[in-house]
Amino acid sequence: MTDTASFASTTPSLLRALGKRWWLFALRGAAGIAFGFLALLWPGLALLTLALVWGAYALVDGCFALAAAMSGMRSGDTPRWWLVLTGLAGIAAGLLTFIWPGITVQVLLLLIAAWAIVTGMMEVAGAVALRKEIEGEIFLILAGLISIAFGVVILGWPAAGALSLVLLVAWLAIIGGAAYIGLALRLRKLAR
């Protein structure tokens, strides 16, 4: 039996669906890394610009999470609610940022913190759901825990300067993006 045939016959449906769409996680990771490096290159940008760039990142991240969830919905036998909630949270946070671009630093910090905590919790929940179907779910747990920790740090120190916010957001995006690329590579390897 070939590796692909054995994968198709022994892999649970969620893992098989995610394995076929490993590239969505890779794109999500690449978007995070690109955003992070852009934020590090230009840390002196105005907070409004950061808000708009972050809003675009949250929107794209949410769209990729929804695409990953919806791509396997046809099978109907494995819940993907955690990806749907992660996607909706990202899209909502991104749209709110664009609707009110003059948002104050405090409100923006709360929005970013809430988004990071909610998406982190959904990512950890997703990893728990995947743990029986995949080895290496640690990448998704890592992304979730980093996101939760970031949100808690922002809530704990809301008076941090814009430069600190830029650096925290940049590193969250880079490390989280690398974790998603790690997950994508693992899924790709399993899909062969």
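Where does Glu-137 lie? Glu-137 is in the loop between helix 6 and helix 7. The model described here is predicted. A search of the whole structure finds two salt bridges, and a search for cavities of 30 Å³ or more finds one.

- Apart from neighbours within four places in sequence, Glu-137 is in contact with Ala-127 and Arg-131.
- Glu-137 and Val-124 are 13 residues apart along the chain, and their C-alpha atoms are separated by 9.3 Å.

**Helix 3**

- Helix 3 covers residues 22-41, which is 20 residues.
- At 1.5 Å a residue, helix 3 should span 28 Å, and the distance of 29 Å between its end C-alpha atoms agrees with this.
- The buried residues in helix 3 include Leu-24, Phe-25, Ala-26 and Arg-28.
- Also buried in helix 3 are Gly-29, Gly-32, Phe-35, Gly-36 and Ala-39.

**Salt bridges**

- Side chains of opposite charge can pair when their charged atoms come close.
- Asp-61 forms a salt bridge with Arg-28, and the closest N and O atoms of the pair are 2.5 Å apart.
- This pair links distant parts of the chain, with Asp-61 in helix 4 and Arg-28 in helix 3, 33 residues apart.
- Arg-28 also forms a salt bridge with Glu-123, where the closest N and O atoms are 3.3 Å apart.
- Because Arg-28 lies in helix 3 and Glu-123 in helix 6, this pair ties together parts that are 95 residues apart in sequence.
- Through shared partners, the salt bridges join Arg-28, Asp-61 and Glu-123 into one network.
- Glu-123, at 6% relative accessibility, counts as buried.

**The cavity**

- Rolling a probe the size of a water molecule over the atoms shows where empty space is left.
- The largest cavity has a volume of about 140 Å³.
- How many residues line the largest cavity? Its lining has 14 residues, and those nearest its centre are Tyr-57, Trp-115, Glu-123, Gly-176 and Tyr-180.
- Two or more lining residues come from each of helix 3, helix 4 (47-71), helix 6 (105-130), helix 7 (138-156) and helix 8 (162-191).
- Helix 8 gives the most to the lining of the largest cavity, with five residues.
- Sorted by class, the lining of the largest cavity has six nonpolar, five polar and three charged residues.

**Thr-119 in helix 6**

- Thr-119 has its place in helix 6.
- The relative accessible area of Thr-119 is 2%, which means that Thr-119 is buried, as buried stands for under 20%.
- Leaving aside neighbours within four places in sequence, Thr-119 is in contact with Thr-86, Ala-89 and Ser-147.

How values were computed:
Residues are numbered from 1 along each chain as its sequence is written. This is a predicted model: local features need pLDDT of at least 70, side-chain atom pairs count only at pLDDT 80 or more; totals for chains, interfaces and linings use all residues. Side-chain values use heavy atoms; hydrogens and water are left out. Helices (H or I, at least four residues) and strands (E, at least two) are DSSP runs, numbered from the N terminus. The expected span of a helix is 1.5 Å times one less than its number of residues. Buried means under 20% relative accessible area, exposed over 50%, partly exposed in between (1.4 Å probe, protein chains only). On a 1 Å grid over the protein atoms alone, a cavity is a set of points where a 1.4 Å probe fits but cannot get out, and a pocket is an open set with protein on both sides within 12 Å along at least five of seven lines; lining residues have an atom within 4 Å of a point. Grid points are joined across faces, edges and corners, and a volume is the space filled by probe spheres set on the points. Ala, Val, Leu, Ile, Met, Phe, Trp, Tyr, Cys and Pro count as nonpolar, Asp, Glu, Lys and Arg as charged, and the others, Gly among them, as polar. A salt bridge is a side-chain nitrogen of Lys or Arg within 4 Å of a carboxyl oxygen of Asp or Glu. Contact means heavy atoms within 4.5 Å.
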